[in-house]
Amino acid sequence: MARWRSLKALVVVPVILVAFVVAACGGGQGSQGGSGEQVVNIGFSGPLSGGAAFYGENVLNGLRMAVDEINKAGGVDVGGTKATFKLEALDDKYLPNETATNARRLVQQSQTPVVFIPHSGGIFAAQEINTRPPTEFIIGAYSSVPEILEADNPYTIMIPPRFDNYMEPFVRTEMEMFGNRLGLIPTTSEYGIQWTEQVTAEWERQGGEVLSNNGVDYTTTTDFEGPVSKALAEDPDVLFVGGPSQPTALVIETARRKGFDGGFIVMDQAKFEEMENFTKKEYLNGSVGVMPLIEYEGPGTKQFIEKYEKAIGGERPPTSEVALNYQAMHIIAKAMEISGSTDDPEAIMGAVDRAAGELEDKYRPYDIERMTDDGHLAGPVVATLVKNGKYTELEVPQDQ
C-alpha cells in the first residue's frame, strides 16, 4: 500500500468550482448525444471552499470516478437508449440555504434527476423541496445523521452507516481506558449538534460526567487554542471532537501539545488516514473512530483502491466517503437501467434495492447489497481503536 506523503503545511484547501464536467460530451437531461444516446446530468451541492473543502472534494472524487468509469464503458442501457453521465457541481460552502438554492438551480436548469449532498443541514433543506413538482429529484444523502431517514422522504437515499451505531461501543471503550469525565469540542454544524446530543446522552447513560460544550465551527476556524484551552481547564479524561478531517487533526494536535494524554471520541466525518497527513500519528493513539478504508476487505475494495490510485492518487488517501459515493453512483446508474427511466424519481427509487444487490463486485468497495424500506443503503459499520500506532477493529452494532 502506498504511503501518503505529509500535507501538514496545508491549512485550507481552496477549490473554486462552478460546474464539474466529467463526460466528454455536454448537454442537459434528455439531450441526445447521437442516435439512441442520452446524456444525464447528475447534481452535486457541497462544500468546495473553506475548511470543509477537502471533505467535499472527496465526495466529488468518488462520484467523478464512477461517472468516468461508466462513460468509458459506453454508459448504461435505459429502455434501449444508451445513457452516459455528466457531473454538475456547485459549491454551497456548507450552508443549508445555499444547498437549497443550488438544488433548485441544478434541477431546473440542468434537469438533474439526482443531487448528491454531503452534509445533514443541506440534506434537510433539500428534503423540503425534492418531492414537490416541478423540483422532484432524488437526494444522494451522504451524512450519517439518523433523522435523515426519520423524515420519511420517499426520494432520499442515505449512503453511509448511521452514526448511532457507534455510540455505545465508543463511550464504553473510552470510559474503560481513560475515565468518566468527557470534554466537548465538536463542530457546531447541524451534524455536529446531532452527534453531540447523542454522545452526551450515552456518556451520561453509562455513568459518566459531561463537562461544558466548547464547540466551534470547524469550517471557518483555523486557530483552536481558545476552545481547547477551555476544555482542558476542566480536566477531562476524554475529549469528543470531530468535523472535517483537517481541522479535527488540528484540534487533536493542539490538545496533545498542551499536555492532554487522554482519549478521543472522533466523529465519523473525520478520517484517521487523512488526519495522519495533518498531525503526528502518535497523537491519534487512544482514539476511536471510523476504520480506514485500506484496513477493510470488501468484495471490490482492493480493485477500488487500485483505481483510485490511478485516477486520483498522489498525496490524498482513499477514504470511505470517496468509496461509498463511488458505489452509490454505480447503484443509481444500475437502478436507471433496471427501471428503464433516467428522470422518474419514483421508478428509479423502486429499482435501487435490486440494483444494490445486482451490482458487480468490482464496483462494490463496501459490502452493500440492499436498500432498506426507509431508504438506507445498509452496509458494514467498521470502527477502530488506535492503539500503539495501529488500527484495531472495534466491534460495533451493524445497520439493520
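In the predicted model, the side chain of Ser 245 forms a polar contact with the side chain of Glu 274, at 2.6 Å. The Ser 245 side chain also reaches the backbone nitrogen of Lys 271, at a distance of 2.9 Å. Ser 245 belongs to helix α8, which covers residues 245-257. With a relative accessible area of 5%, Ser 245 is buried, because this value lies under the 20% cut-off. When residues up to four places away in sequence are not counted, Ser 245 touches Gln 269, Ala 270, Lys 271, Glu 274 and Met 275.

Leaving aside neighbours within four places in sequence, Val 114 is in contact with Ile 42, Gly 43, Ile 138, Gly 140, Ile 332 and Met 336. The C-alpha atom of Val 114 is separated by 8.1 Å from that of Asn 41, although the two residues are 73 residues apart along the chain. Two of the contacts of Val 114, Ile 332 and Met 336, fall within helix α11, which runs over residues 320-339.

Helix α11 has 20 residues and reaches 28 Å from its first C-alpha to its last, close to the 28 Å expected at 1.5 Å a residue. Of these 20 residues, 16 are buried, so α11 is largely enclosed by the rest of the structure. Just after α11, Gly 340 adopts a positive phi of about 75°.

Helix α1 (residues 53-72) likewise has 20 residues, and its span of 28 Å is close to the expected 28 Å. In α1, 18 of the 20 residues are buried, and therefore this helix is largely enclosed by the rest of the structure. α1 is followed by Gly 74, which has a positive phi near 100°.

In soluble globular proteins, nonpolar side chains tend to be buried together. In this model, the largest nonpolar core has 82 residues, and Phe 85 and Phe 116 have the most contacts inside it. Helix α11 supplies the largest share of this core, with 11 residues. Another core, of 39 residues, lies apart from the largest one and includes Ile 117, Val 199, Met 267 and Val 381.

Key
Residues numbered from 1 in each chain as written. Predicted model: local features only at pLDDT ≥ 70, side-chain atom pairs only at ≥ 80, totals over all residues. Heavy atoms only, no water. Contact = heavy atoms within 4.5 Å. Helix = DSSP H or I, 4+ residues; strand = E, 2+ residues; numbered from the N terminus. Buried < 20%, exposed > 50% of the residue type's maximum accessible area, 1.4 Å probe, protein only. Polar contact = N/O pair within 3.5 Å; in protein donor to acceptor, adjacent residues only side chain to side chain. Expected span 1.5 Å × (residues − 1). Core = buried A, V, L, I, M, F, W, Y, C linked by side-chain atoms within 4.5 Å.
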